[in-house]
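Welcome, and please open the model in your viewer. We will walk through it one selection at a time.

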Amino acid sequence: MSDRIRATREQRGWSQQELARRAGVTRQLVSSIEAGRHSPNVAAALGLAAALGATVESLFGSGPTRDGVASVDGARPGNGPVRAAVVGDRVVTADLAHADDDLERWDLANAVVAGDRIEWLHPGADEAVMVAGCDPMLGLLATVVEHESPHRVIAVHRSTGRALDALAEGHVHAVVVHGPSGTLPAPPVAVRRIHLARWQVGLAGRHTPPSLEVIAAGGTDVIQREGSAGTQQALVRALVALGGDPAPPGPVASGHLDVARRLRRVATGSATAGITMEAAARAFDLAFDPIEVHTAELWIDRRFAGIPALATMVELLAGATVSRQVAALGGYDLAGTGTELAT
């Protein structure tokens with residue numbers, strides 16, 4: 001292993017310091033590896049391989065094994081192309097978005113799980129960061145980061161509850177969470193808190209949606225969300241306050257936009273309302289009645305706050321490009337967007 005790294009480095013005419021700079025590690029680590037005194041962790045091995053334009057297998061004899069790879073939800077990933085990132089000392093994967101959304105496009109993979117290995121598809125692919133959350137603003141923000149910088153942000157759609165689980169398990173670099181102001185849970189790890197926006201949660205419908213009283217009395221089905229979603233919890237709170245069933249009948253959608261999309265389709269069953277956010281209702285030209293005002297925040301695990309992609313994300317949040325894009329959608333209160341909050 002040490003001879004292969006030294007030989008590849010010297011072929012390029014690089015000093016140990018130059019290799020360390022390109023790989024994002026210390027010169028002392030490079031020296032220790034080349035002397036055979038140290039085996040690199042996953043992140044260092046991937047960084048060295050990318051810098052040298054080689055595979056981990058060719059430098060170290062083996063790449064990250066599937067036993068050292070987890071999905072963002074902690075499960076063992078299956079074979080095939082994935083979105084992946086190095087989070088701390090492990091590789092975390094997420095399915096491609098085209099596998100579970102309604103967009104007619106192929107999503108971009110940066111790695112492939114094959115047998116018991118994971119292979120990066122291009123140099124630098126392992127430098128992506130993974131952020132989970134359910135506010136569609138996250139996907140827009142990831143796109144702006146990639147357009148304005150060389151960094152890739154893997155935006156993984158997860159409810160606030162599932163995103164926080166992933167943050168606690170060390171499976172993501174950051175999360176987007178939302179809830180009524182002052183009621184967000186304590187972060188499971190030390191984080192930087194960045195204010196994103198405020199927006200309304202409410203009932204949407206193709207026409208004026210039925211009232212909460214009608215829903216509480218069992219008068220209609222509701223397109224809703226899983227229990228860990230902030231919008232679903234808002235609906236439950238409202239129904240309980242009226243003495244209604246906190247689990248009304250109706251299909252469960254995958255996200256804010258999926259609720260609105262289903263309401264626009266002809267075959268929605270008996271559901272005439274859905275619980276979603278105002279911006280999603282606007283996007284699909286639906287009527288909307290608000291229930292609660294939620295605050296959305298970006299929480300960055302402090303261990304990773306210095307990663308360039310995340311620093312760029314925070315910088316762009318306070319700029320004009322993101323605010324103009326989001327303001328054009330409507331339904332967002334952007335006062336204070338990009339402001340760092342006390343922890």
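What percentage of the 343 residues of the chain count as buried? The share is 51%, where buried means under 20% relative accessible area, exposed over 50% and partly exposed in between, with a 1.4 Å probe and protein chains only.

Before going further, note that this is a predicted model, in which local features need pLDDT of at least 70, side-chain atom pairs count only at pLDDT 80 or more, and totals for chains, interfaces and linings use all residues. Residues are numbered from 1 along each chain as its sequence is written, and side-chain values use heavy atoms, with hydrogens and water left out.

**The whole chain.** Zoom out: the C-alpha atoms fill a box of roughly 75 × 40 × 30 Å along the principal axes. Colour by secondary structure to see 13 helices and 13 strands; these are DSSP runs numbered from the N terminus, helices being H or I with at least four residues and strands E with at least two.

**Helix α4.** Now select residues 42-51, which form α4. Seven of its ten residues are buried, among them Leu 46, Gly 47 and Leu 48. Step on to Gly 53, which follows α4 and has a positive phi near 65 degrees.

**His 173.** Next, select His 173 in the loop between α7 (160-168) and β8 (174-180). Is His 173 buried or exposed? It counts as buried, because its relative accessibility is 1%. Leaving aside neighbours within four places in sequence, its contacts (heavy atoms within 4.5 Å) include Val 86, Met 130, Asp 301, Phe 304 and Leu 310.

**Two crossing helices.** Show α6 (residues 137-148) and α12 together: their axes come within 10 Å and cross at roughly 110 degrees. Axes here are lines fitted to C-alpha atoms, for helices over the stretch in contact, and angles run from 0 to 180 degrees between N-to-C directions. So α6 is roughly perpendicular to α12, a term for angles of 65 to 115 degrees. Show side chains, and you will find Met 137, Leu 141, Val 144, Val 145 and Glu 148 of α6 meeting Ala 309, Thr 312, Met 313, Leu 316 and Leu 317 of α12. The residues of this contact divide into eight nonpolar, one polar and one charged. Ala, Val, Leu, Ile, Met, Phe, Trp, Tyr, Cys and Pro count as nonpolar, Asp, Glu, Lys and Arg as charged, and the others, Gly among them, as polar.

Conventions. Angles under 35 degrees count as roughly parallel, over 145 as roughly antiparallel, 65 to 115 as roughly perpendicular and the rest as oblique.
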